[in-house]
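Please read them with the coordinates open.

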Amino acid sequence: MKKMICVTLVLATLLTLAVSVASAANGDVHSPFDYVDIRCAANAEVRLNKYEPGVKSAKPDVLYIRHYLVYDYGSVYNNHFRAQNFISGAIVGSDWMAPDTANYVRSSAIDLYQRYWAMGRGNTDYGLTTITITGYSDSNH
C-alpha cells in the first residue's frame, strides 16, 4: 500500500512538472513582471515580462497591460508603454497609462498568432530617474 501511494505521488509530481514546463515553453498569455526598475528617460523602454509572452489568439490590435507603482513617488503621472514583436523586435504600438491602472496598447500592427513583449519607461517630466513597477501583460484580454 505504501508503494502504491509513493508511486502515485511521484507520478502526480512528474505530471505537474511536465505541465509547468509545457506552459513555460509555449509562453503564457498572462505574462507577469515583478519589481522592475524602469528609467524615466526618453526612448529608455525596457522589456518588462519575466517570461516569454504567449501567442496572441484573440483581440487583434491590442496588448493589455496592468501596472502598479511599488513605491509612492509623490505625484500621479503617466508612464509610457509599448508592444514589441517577439520575433522581429519591431515596436508595433505605444500608449501613456496612469499609474496603478490597466489599459491597452493599441495598434493595427498587433496581429493574431504573434507574441508581444510589454515594454515601459517612466515619465520624464517629474525629475525622477527611475521608478519601480509590478504588474502583467495579457495578449488575449
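The points below go from the whole chain to the sheet, and then to individual residues and their side-chain contacts.

1. This is a predicted model, and the remarks that follow should be read with that in mind. The protein chain holds 1 helix and 8 strands, and from the N terminus on the elements run α-β-β-β-β-β-β-β-β. Buried residues make up 37% of the 141 residues, while the chain exposes about 8,000 Å², of which carbon and sulfur atoms supply 57%. Among contacts with a separation of 6 or more, 77% come from residues 24 or more positions apart.

2. An open sheet of 4 strands has the order S1-S8-S3-S6, with antiparallel pairing. Strand S1 (30-39) and strand S6 (101-106) stand at the edges and have a single partner strand each, so one side of each is left without a neighbour in the sheet. From one strand to the next, the twist averages 30°.

3. The pairings within this sheet can be taken in order. S1 pairs with strand S8 (residues 130-138) over 8 antiparallel bridges, and aspartate 37 has threonine 132 in S8 as its bridge partner. S8 is in turn joined to S3 by 6 bridges, again in the antiparallel sense, with histidine 67 partnered by glycine 135 of S8. S3 and S6 also pair in the antiparallel sense, over 6 bridges, and here isoleucine 65 has asparagine 103 in S6 as its bridge partner.

4. Strand S3 deserves a separate comment, because 6 of its 8 residues are buried and it is thus largely enclosed by the rest of the structure. Isoleucine 65, which is found in this strand (residues 62-69), counts as buried at 0% relative accessibility. Leaving aside neighbours within four places in sequence, isoleucine 65 is in contact with residues including Phe33, Phe81, Met97, Val105, Ala118 and Tyr136. Its C-alpha lies 9.6 Å from that of alanine 83, a residue 18 positions away in sequence.

5. Is asparagine 79 buried or exposed? This residue of strand S4 (residues 79-85) is buried, with a relative accessible area of 0%. The side chain of asparagine 79 makes a polar contact of 3.3 Å with the side chain of histidine 67. Not counting residues up to four places away in sequence, asparagine 79 also touches, among others, Asp95, Trp96, Arg121 and Ile131.

6. The count of salt bridges comes to 4. In one of them, the side chains of lysine 50 and aspartate 34 meet at 3.2 Å, N to O. This pair links distant parts of the chain, with lysine 50 in the loop between strand S2 (46-47) and S3 and aspartate 34 in strand S1, 16 residues apart. Lysine 50 is partly exposed, with a relative accessible area of 49%, and aspartate 34 is partly exposed as well, at 36%.

7. Which residues are linked in a network of salt bridges? They are Glu45, Arg82 and Arg121. Glutamate 45 forms a salt bridge with arginine 82, the closest N and O atoms being 3.5 Å apart; glutamate 45 lies in the loop between S1 and S2 and arginine 82 in strand S4, so this pair ties together parts that are 37 residues apart in sequence. Glutamate 45 also forms a salt bridge with arginine 121, with 3.1 Å between the closest N and O atoms. Because arginine 121 belongs to strand S7 (residues 116-121), that pair ties together parts 76 residues apart in sequence. Both glutamate 45 and arginine 121 are buried, and for glutamate 45 the relative accessible area is 12%.

Notes
Residues are numbered from 1 along each chain as its sequence is written. This is a predicted model: local features need pLDDT of at least 70, side-chain atom pairs count only at pLDDT 80 or more; totals for chains, interfaces and linings use all residues. Side-chain values use heavy atoms; hydrogens and water are left out. Two strands pair if DSSP finds at least two bridges between them. Helices (H or I, at least four residues) and strands (E, at least two) are DSSP runs, numbered from the N terminus. Axes are lines fitted to C-alpha atoms, for helices over the stretch in contact, and angles run from 0 to 180 degrees between N-to-C directions. Buried means under 20% relative accessible area, exposed over 50%, partly exposed in between (1.4 Å probe, protein chains only). Contact means heavy atoms within 4.5 Å. Accessible areas come from the Shrake-Rupley method with a 1.4 Å probe; for residues, only the protein chains shown count as cover. A polar contact is a pair of N or O atoms within 3.5 Å; within protein, one must be able to donate a hydrogen and the other to accept it, and residues adjacent in sequence count only if both atoms are side-chain atoms.
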